[in-house]
Amino acid sequence: SGKTVLLVEDNPRLRATTATMLRQIGYEPVEAGTAEDALAILAGHPDIDLIVSDVILPGDRNGFELTAEASRLRPNLKALHVSGFADVDNLADEKARGSIRLLNKPFRTQELAKAIAEIELRRSA
């Protein structure tokens, strides 16, 4: 196995923890701390087909803007957003369209695995 996944999280400790979880469920994480780094990595890694991104990122792009831009570059890219804020109300309209999968922090490995599995299923259906 070992599908490559782009992990975008600005908190180094959380990023390391999430990377460990991803490895436990059979993914190979490539890590980025900002949206800009993530886009640069994506350009050089044609094998990445999934982004797991924090919603709140440093710089001028949030996680939703990052994945919107990334999917313009790579239309088949799947995205899972994670957030420590349960009340991302202004994003409810996008969630309602079904385009956004949001996993609330903190999460356990099984929850991450389940969220990724749902994304993989939805896209192949």
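This note goes through the predicted model point by point, from the overall fold to single residues.

1. **Basis.** The model is predicted: local features need pLDDT of at least 70, side-chain atom pairs count only at pLDDT 80 or more, and totals for chains, interfaces and linings use all residues. Residues are numbered from 1 along each chain as its sequence is written, and side-chain values use heavy atoms, with hydrogens and water left out.

2. **Overall layout.** The protein chain has five helices and five strands. These are DSSP runs, numbered from the N terminus: helices are H or I with at least four residues, strands are E with at least two. Along the sequence the pattern reads β-α-β-α-β-α-β-α-β-α. The chain has 125 residues, and 45% of them count as buried. Buried means under 20% relative accessible area, exposed over 50%, and partly exposed in between (1.4 Å probe, protein chains only).

3. **Contacts along the chain.** A contact means heavy atoms within 4.5 Å. Take the contacts between residues at least 6 apart in sequence: 62% of them join residues at least 24 apart.

4. **S1 and S2.** These two strands pair in the parallel sense over six bridges. Pairing requires that DSSP finds at least two bridges between the strands. Val8 has Ala32 in S2 as its bridge partner. The chain runs from S1 through H1 to S2, and this β-α-β crossover is right-handed. That is, with the strands pointing away from the viewer, the path from the first strand over the helix to the second runs clockwise.

5. **Glu9.** Glu9 sits in the loop between S1 and H1. Glu9 counts as buried because its relative accessibility is 3%. Beyond residues up to four places away in sequence, Glu9 touches Leu14, Arg15, Ala32, Gly33, Asp54 and Lys105.

6. Side chains of opposite charge can pair when their charged atoms come close. The structure holds 13 salt bridges. A salt bridge here is a side-chain nitrogen of Lys or Arg within 4 Å of a carboxyl oxygen of Asp or Glu. Glu9 and Lys105 form one, with the closest N and O atoms 3.0 Å apart. The pair links distant parts of the chain, 96 residues apart: Glu9 lies between strand S1 (3–8) and helix H1 (12–24), Lys105 between strand S5 (102–104) and helix H5 (109–124). Both Glu9 and Lys105 are buried.

7. **Lys105 to Asp54.** Lys105 also meets Asp54 in a salt bridge, at 3.3 Å from N to O. Asp54 belongs to strand S3 (residues 50–54), and the two residues are 51 residues apart. Lys105 and Asp54 are both buried. Residues up to four places away aside, Lys105 touches Glu9, Leu14, Asp54, Val82, Ser83 and Gly84.

8. **Lys78 and Glu120.** The side chains of Lys78 and Glu120 form a salt bridge of 3.4 Å, N to O. Lys78 is in strand S4 (residues 78–83) and Glu120 in helix H5, 42 residues apart. Lys78 counts as buried because its relative accessibility is 10%. Glu120 is also counted as buried, at 17%. A network of salt bridges links Lys3, Asp49, Lys78 and Glu120.

9. **Gly33.** Gly33 lies in the loop between strand S2 (27–32) and helix H2 (35–44). Gly33 is buried, with a relative accessible area of 17%. Apart from neighbours within four places in sequence, Gly33 contacts Glu9, Asp10, Arg15, Leu57 and Pro58. Gly33 and Arg15 are 18 residues apart along the chain, and their C-alpha atoms are separated by 8.2 Å.

10. **Helix H3.** In H3 (residues 63–73), Gly63, Phe64, Leu66, Thr67 and Ala70 are buried. Seen down the axis, the buried residues of H3 fall within an arc of 155 degrees, so they line one face of the helix. The arc is taken from the directions from the helix axis to the C-beta atoms. The buried residues of H3 pack against S1, H2, S3, S4 and S5.
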